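Here is a walk through one predicted model. Keep the sequence and the coordinates side by side as you read.

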Amino acid sequence: MDDGLVSTDLDVTSLIMEGVRRKDEWARIRSIFPSDRIVLSKTEAELDPSVANPHSLLWRAYELFDGKKSLADAALELHTTEFLVSEAAYKLHDRGLLQLSGEKARPEEKAYAEIQRKLLTEAAKALEEKKYDEALNLYRYLQKGLPDD
C-alpha cells in the first residue's frame, strides 16, 4: 500500500541521547550566556592552531567575535544554528579566549528608544518655536511611557 510516506531507518536511541546531551549543554551555556544578545570579545590570549582547525566552526567563531557581534549575529554570519555557535563560544570562553562585553538591546527596545529620541527632538523644537502647549503635551506623553520608580 502506497500512502505517500517515505520509510527511513533511524536509530531512535541515538536521537534521544543527542537531544538529552543538547538540553544539558544548553543549561551550561545559558549559565554563562543567558541570551543570544550577549556580545563577546577576544581576551589577550590567542587561539592555538593545534587546538582547532582554521576552517572549523570553533576557529571561525573565535575570529568573528570583536566586541560588537552577539551570539545571534555570529550564528547568522556563520550560517549555523544558535546552539552550535553558542557551544563553540562556550568552549572558547571556558578556555579564557573570549569574554563577555555586554548585551545588545532587543530590537523592540531599540525602536522604542528611537521613537523617544524623535519625540524629545520635536518637543525641544516646539519649545524653541515658543509652542509651549505642544511641547508640554509631548513631554507628558513621554513621561507616561517611563517606568515608575
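Which residue with a positive phi follows α4? That residue is Gly96, with phi near 80 degrees.

Now step back to the helix itself. Helix α4 covers residues 82-94. At 1.5 Å a residue, the 13 residues of α4 should span 18 Å. The C-alpha atoms at its ends are 18 Å apart, so expectation and model agree.

Next, the packing. Two packed helices are described by the angle between their axes and the distance between the axes. The partner of α4 here is α2, residues 57-64. Their axes are 9 Å apart and meet at an angle of about 75 degrees. Angles of 65 to 115 degrees count as roughly perpendicular, and α2 and α4 are therefore roughly perpendicular to each other. From α2, the contact uses Leu57, Leu58, Ala61 and Tyr62. From α4 come Leu84, Val85, Ala88, Lys91 and Leu92. Eight of these contact residues are nonpolar, none is polar and one is charged.

How is α4 covered? Its buried residues are Phe83, Val85, Ser86, Glu87, Ala88, Ala89, Tyr90 and Leu92. What covers them includes the helices α1 (12-32), α2 and α3 (71-78). The strands β1 (38-42) and β2 (98-103) are also among the covering elements.

Finally, look at the loop between α2 and α3, where Ser70 lies. Is Ser70 buried or exposed? Its relative accessibility is 2%, so Ser70 counts as buried. Neighbours within four places in sequence aside, Ser70 is in contact with Asp36, Arg37, Ile38, Val39, Phe65 and Lys104.

Conventions: Residues are numbered from 1 along each chain as its sequence is written. This is a predicted model: local features need pLDDT of at least 70, side-chain atom pairs count only at pLDDT 80 or more; totals for chains, interfaces and linings use all residues. Side-chain values use heavy atoms; hydrogens and water are left out. Axes are lines fitted to C-alpha atoms, for helices over the stretch in contact, and angles run from 0 to 180 degrees between N-to-C directions. Helices (H or I, at least four residues) and strands (E, at least two) are DSSP runs, numbered from the N terminus. Angles under 35 degrees count as roughly parallel, over 145 as roughly antiparallel, 65 to 115 as roughly perpendicular and the rest as oblique. Contact means heavy atoms within 4.5 Å. Ala, Val, Leu, Ile, Met, Phe, Trp, Tyr, Cys and Pro count as nonpolar, Asp, Glu, Lys and Arg as charged, and the others, Gly among them, as polar. The expected span of a helix is 1.5 Å times one less than its number of residues. Buried means under 20% relative accessible area, exposed over 50%, partly exposed in between (1.4 Å probe, protein chains only).
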